[in-house]
Amino acid sequence: MNPILVDFPEKIETERLYFRPCLPGDGKIVHEAIAVSRDSLKKWLPFAVKEETVEEVEAGIRASFAEFINRSDFRLHIYLKENHLFVGSIGLHRINWDIKKFEIGYWCDSRQIKNGYITEAAEALTAFCFEHFKANRVEIRCDEKNIDSRRIPERLGFPLEGILRNDSLATDNISLRSTCVYAKVKVDD
């Protein structure tokens, strides 16, 4: 199957949330969320280290939208249903269409943490991968020291398959970090 022909809904809904592909014009709201969340995000996510302008964030969103169109990466923005407030981002990355393998990544606006929004979104996106894309494998990878991020796959019943020791650099580009690999796989009938 040619991935570019794979359909994707306009939005995915949960009880409290909806998430949809990032779209041109989302730069201002995402920039604001990153700016207020920078201190908590920059420990774990390289994009939060450098302070970007609204225009730079918008350019990144447009590049992500092009990847969405090409079906090489799915960056999605999460909103509260009740008031359309931006909560954060979730996505499917490092996609392998031959294997039907997807990696879920996420971050949350620091003003919205501790509400279970990312867990709720990750649960829905995992189910979506298995139901809609007929996934064989869905992974969540995170820094071993990022306890809040690790709690999400653990709450969702993702087994920890292993820890890749000293496999990446921290966002300071000096310290070595280890990555936890959690995964759910399709259960053979």
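How many bridges join β5 to β6? Four bridges do so, and the two strands run parallel. The legends below concern a predicted model, in which local features need pLDDT of at least 70, side-chain atom pairs count only at pLDDT 80 or more, and totals for chains, interfaces and linings use all residues. Residues are numbered from 1 along each chain as its sequence is written, and side-chain values use heavy atoms, with hydrogens and water left out.

View 1. Helices (H or I, at least four residues) and strands (E, at least two) are DSSP runs, numbered from the N terminus. Two strands pair if DSSP finds at least two bridges between them. β4 and β5 pair in the antiparallel sense, over seven bridges. These strands form a hairpin with four residues between them, and K100 in the turn has a positive phi of about 65°. K101 of β5 stands opposite N96, and its bridge partner in β6 is R137.

**View 2. The β-α-β unit.** β5, α3 and β6 make a right-handed unit; right-handed describes a crossover whose path from the first strand over the helix to the second runs clockwise, with the strands pointing away from the viewer.

**View 3. E103 within strand β5.** E103 lies in β5, which spans residues 101-108. Because its relative accessibility is 6%, E103 counts as buried (under 20% relative accessible area; exposed is over 50% and partly exposed in between, with a 1.4 Å probe and protein chains only). Seven of the eight residues of β5 are buried, so the strand is largely enclosed by the rest of the structure. The side chains of E103 and R94 are joined by a polar contact of 3.0 Å (a pair of N or O atoms within 3.5 Å; within protein, one must be able to donate a hydrogen and the other to accept it, and residues adjacent in sequence count only if both atoms are side-chain atoms). Not counting residues up to four places away in sequence, E103 touches G91, L92, H93, R94, E139 and R141, contact meaning heavy atoms within 4.5 Å.

**View 4. The nonpolar cores.** A nonpolar core is a set of buried Ala, Val, Leu, Ile, Met, Phe, Trp, Tyr and Cys residues joined through side-chain atoms within 4.5 Å. The largest has 37 residues, and F19, I90, L92, L125 and F133 have the most contacts inside it. Among the elements that each supply at least two residues of this core are β2 (17-21), β4 (86-96) and β8 (176-185). α3 gives the most, with eight residues. A second, separate core of 12 residues includes A33, L41, V57 and F86.
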